[in-house]
Every structure is written in C-alpha cells, then in structure tokens.
Amino acid sequence: AGDSIAQQNTNIVSSTYNYMARGPVSWMLSYLGWPWEMQPSDNYAVFGTTLDIIIRDQLPLILAANTTRKYQRCFLSCGTNDTNAGTPVETIKGYLTTLFTALNSAGITPVHTGIRPRGNDGSLTTAKQANQQLNDWLYVLGSTGFIEFIDCTEVYANNATAFGNVLTTLVYDSGTTILHPNNRGANLEGK
C-alpha cells in the first residue's frame, strides 16, 4: 500500500499480471524465495498519494480483501508525499498511527520500509528533516513490535552530502522529483 514507490512493484496490463523490476518488494520476495504470496491485484498503492488518502481509499480495500485473502503483512511506502507537501510531522504520525492500528487490528503486520532520501540539491529542506524525524520515530515503533521497520534509506542515501539527497544512480527520475527507484535501486533495496 502507499505511494508511487509501492505502486511500481506490480501492474496489470490487459489482464496480464506483472512484477516490475523497479519494485523493491518484488525483488525482496524473489530473493527470499516468495515466502508470502503477493498478486499484483494485492497492490493497492497509487502514485502521488498522501496518508489521508491512503486511509480513506486504500485501507478499506485492504481490509475488505483481507476477509478472504488473509494478509499476513502489508508493505508500506508512504510519508514522502506528506512531508513534501508540508504536512506537519505530528499530523503525519497521527495518520501513520491510524493506519498501523487498523492493520494490526485486522491481524495484518504493517511493514514500513522508511521514507527515502530525495532530491539532489544543496540544502537540507524542511521536508528532508521531517523524513529523518519520521524514520527515527518509525525505528522506535519497530523496536516495540507495533510495526516492522525495514529501514531501506541507507541504500539510497548520498553520503557525499549532508542534505538528505538520494544517489542519482539508483533512481530513474530527474528534476525536482528525484526519488523513484530504478531497476538497480529496487534490486539493492530488495536484497
């Protein structure tokens, strides 16, 4: 569930189910020998989605499907569109808590993969600072067992700067939206 990074794991084109090379979860499942079944129809993510919309639109679909599919895990990529839009950190935490609580209540373990570095600029923007704060908070939640937190941000971090930037060799986009894993980035994250 979540945003474009989650969406690009799979697609369905003319009734053909596809697992995408730009999808970190697809790579992870492949490396692990597919311990969980995931059909492309199990992917509820939509590009550009913020947490309020995930709760409103995606969460009800997941919970409804769970009555027959019995999901064990829900892999989440979310939060970056919220911080980039200037949503306050406490509001984002509230949305995430609502999402995690609903999934846990349905017997589904929420698995957050971290809010990835983004951009290639020369400043530590407010959004990037919020991403770091939220990843620290997600780490603490993971240590309590409320969620599983798999921090994939180190895969993408450009450590040559102190600006929360992404390694451009691991993403396919450019301009102001340098964020989305390319095949190589998704492969390394999946591993």
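Figure 1. C78 is buried, with a relative accessible area of 2%; buried stands for under 20% relative accessible area, exposed for over 50% and partly exposed for what lies in between (1.4 Å probe, protein chains only). C74 is buried too, at a relative accessible area of 7%. The sulfur of C74 has its closest cysteine sulfur in C78, 8.5 Å away, which is too far for a bond. C78 is in no disulfide, a disulfide being a pair of cysteine sulfur atoms within 2.5 Å. By this rule the count for the structure is zero disulfides. The model is predicted: local features need pLDDT of at least 70 and side-chain atom pairs count only at pLDDT 80 or more, while totals for chains, interfaces and linings use all residues. Residues are numbered from 1 along each chain as its sequence is written, and side-chain values use heavy atoms, with hydrogens and water left out.

Figure 2. One cavity of 30 Å³ or more turns up in a search of the whole structure. A cavity is a set of points, on a 1 Å grid over the protein atoms alone, where a 1.4 Å probe fits but cannot get out; its lining residues have an atom within 4 Å of a point. The largest cavity holds about 40 Å³ of space, where grid points are joined across faces, edges and corners and the volume is the space filled by probe spheres set on the points. Its lining includes D3, I5, C78, H112, R116 and L179. Sorted by class, the lining has four nonpolar, five polar and two charged residues. Here Ala, Val, Leu, Ile, Met, Phe, Trp, Tyr, Cys and Pro are nonpolar, Asp, Glu, Lys and Arg are charged, and the others, Gly among them, are polar.

Figure 3. D3, one of the residues lining the largest cavity, is found in the segment before α1 (4–7). Helices (H or I, at least four residues) and strands (E, at least two) are DSSP runs, numbered from the N terminus. D3 counts as buried, at 1% relative accessibility. From D3 to R22 there are 19 residues in sequence and 14 Å in space, C-alpha to C-alpha. The charged end of R22 sits over the ring of Y172, 3.8 Å from the ring centre; the rule asks for NZ of Lys or CZ of Arg within 6 Å of the ring centre and within 35 degrees of the ring normal.

**Figure 4. The aromatic pair of Y19 and W34.** The structure holds five aromatic pairs. One of them joins Y19 and W34 in an edge-to-face arrangement, 5.1 Å centre to centre with 75 degrees between the planes. Rings of Phe, Tyr and Trp (its six-membered ring) pair if their centres lie within 6.5 Å, and planes under 30 degrees apart are stacked, over 60 edge-to-face and the rest tilted. The pair links distant parts of the chain, 15 residues apart: Y19 lies in strand β2 (residues 16–19), and W34 in the loop between α2 (24–32) and α3 (51–69). Y19 is partly exposed, at 35% relative accessible area, and W34 also counts as partly exposed, at 35%.

**Figure 5. Positive phi at W34 and K70.** Most residues other than glycine have a negative phi. W34 has a positive phi, near 55 degrees. K70 has a positive phi near 55 degrees. K70 is found in the loop between α3 and β3 (73–76) and counts as exposed, at 58% relative accessibility.

Note on methods:
On a 1 Å grid over the protein atoms alone, a cavity is a set of points where a 1.4 Å probe fits but cannot get out, and a pocket is an open set with protein on both sides within 12 Å along at least five of seven lines; lining residues have an atom within 4 Å of a point.
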